[in-house]
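Me: I would like to learn how to read contacts, cores and ring pairs in a model. Please start with one residue.

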Amino acid sequence: MACVGAFVAYVPVTTVSISLTAIQRGLGGSTADLSWVTTAFVLPMAACILIAGALGDAYGRKKVFLAGLLLEAVGALVGLSAGSYEVLWAGQAISGLGSAALLPSSLALISHAVPDHRERGRFIGLWATSLLLALALGPFNAGFVLEHTTWNRIYLAAVPIALLALVAGVFFLTDSRAPGSRRLDQPGQIASTIAVVALVYGVIEGGAESFTDTRVIAALLLAVVSGVAFVVIERRSASPMVDPHLFAEPGFSAATLVALITFMSMIGSVFVLSLYLGQVQHLSTLASGSRLFLFTVAPILVGLPVSTLMHRISPRLLITSGLILAALGMLLLTGIDETTSFWGLGWRLFLLGAALGAVITPMTATAVSSVPFRLAGMAAAGNNAFRQVGGALGPAVLGVVMGTRTSLLDGMHLAFTVCAGLMLLAAVVGLVLLPKGGRQGTTKSPAAPGRVRNSAAAQ
């Protein structure tokens, strides 16, 4: 069921991204409007993952998981009825809230059901594969729908999948909570939500208008102030959403920072590729989906073998090697133009996807397994939160980058160059901060106290 949750949570990412050109044909609007279609989903997911993790720890992961499935179904129904950008953004936001609930609760359900670190790494690999499978199938779902009917119907398949998973979860899932009596950290929740929303809003509107605009400056200042307030609140809270001492664990802090940078580049590049296929090569959605499939299926083919190699090879080596290859893949994309063939683009995308497949599973497993067992839910929520903040910033930042060039193709080439730089930055972070030893499964046992302070050490 955790794998189904990961699948449902990520289906909207590529399904909607590959449909952006069709959405623009149907609704009109600017590149900024399209950027908000993607961001309206990722932003609430980034802002609310920590809250969802805390709710699951306090009231039960199963309840949060089922609520996430229900929100996914409701968001898809709103998308089905959308006749304007405002309604579409609302549907995307509801789906994003559903994904925020599903991602940390599904990982925490795995941690509860599989306490052994070595065995848990294998199941996290399956979880990551389910996420990647959703990214792979999304373009085909969108392509098939748009070949036969209107763009709204891209949301149709998500409704029965989410509802069937909801019914199955009611009967087959076992609930769990964090040990002890974890309480909700309302000041921290408010501060983190304001910080994420203000930051992404400021970046998008700054790119669309000007970074000297009063609203943009105010939003970015608000993001900084709220971010600082969040850190102060969490350090003093008796029951923090993300205990700042988690970051004293090198494996967690490194994997979380790598996740933020990697997903900023990855989700941003999917946004750019969607515009390239639709607006530069003028391909149908199905033809675009067949090309993106090579990018999204490669991590699946690589991810499962990597999940077994984690017991023999240091995650540090796997992650940094994968990121260097991903940077190379991004640089190779600067060579595409209006006439690039299917295979001319395809081998570049396959290389990029395979490189990311070597990163995602060990990155996730390292973040969760590097902390004491009782903090697995908090670690999963924290890692996912930073990952989605990166995903929210990706399209926003690359939209700004593309806007600095008069030619769309030139802007895309610059965006891919920026993505390559981000991947190299993540590789440096991994090389410097990830523990040198520590094959997966050698970290603390569930009973180990660890160095991390849990507000209720009582937990």
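Reply: Start with Tyr10, which contacts (heavy atoms within 4.5 Å) Leu103, Leu131, Ala134, Leu135, Phe263, Arg387 and Gln388, leaving aside neighbours within four places in sequence. This is a predicted model, where local features need pLDDT of at least 70, side-chain atom pairs count only at pLDDT 80 or more, and totals for chains, interfaces and linings use all residues. Residues are numbered from 1 along each chain as its sequence is written, and side-chain values use heavy atoms, with hydrogens and water left out.

Me: Which residues touch the most other members of the largest nonpolar core?

Reply: In soluble globular proteins, nonpolar side chains tend to be buried together. A nonpolar core is a set of buried (under 20% relative accessible area, 1.4 Å probe, protein chains only) Ala, Val, Leu, Ile, Met, Phe, Trp, Tyr and Cys residues joined through side-chain atoms within 4.5 Å. Here the largest one has 140 residues, and Tyr10 and Trp127 touch the most other members. Helix α10 (residues 250–280) gives the most to this core, 19 residues; helices are DSSP runs of H or I, at least four residues, numbered from the N terminus.

Me: How many aromatic pairs are there?

Reply: A pair of aromatic rings is described by the distance of the centres and the angle of the planes. Rings of Phe, Tyr and Trp (its six-membered ring) pair if their centres lie within 6.5 Å; planes under 30 degrees apart are stacked, over 60 edge-to-face, the rest tilted. The structure holds six pairs. Trp36 and Tyr201 are tilted, because their centres are 6.3 Å apart and their planes at 45 degrees. Trp36 is buried, at 15% relative accessible area.

Notes. Buried < 20%, exposed > 50% of the residue type's maximum accessible area, 1.4 Å probe, protein only. Helix = DSSP H or I, 4+ residues; strand = E, 2+ residues; numbered from the N terminus.
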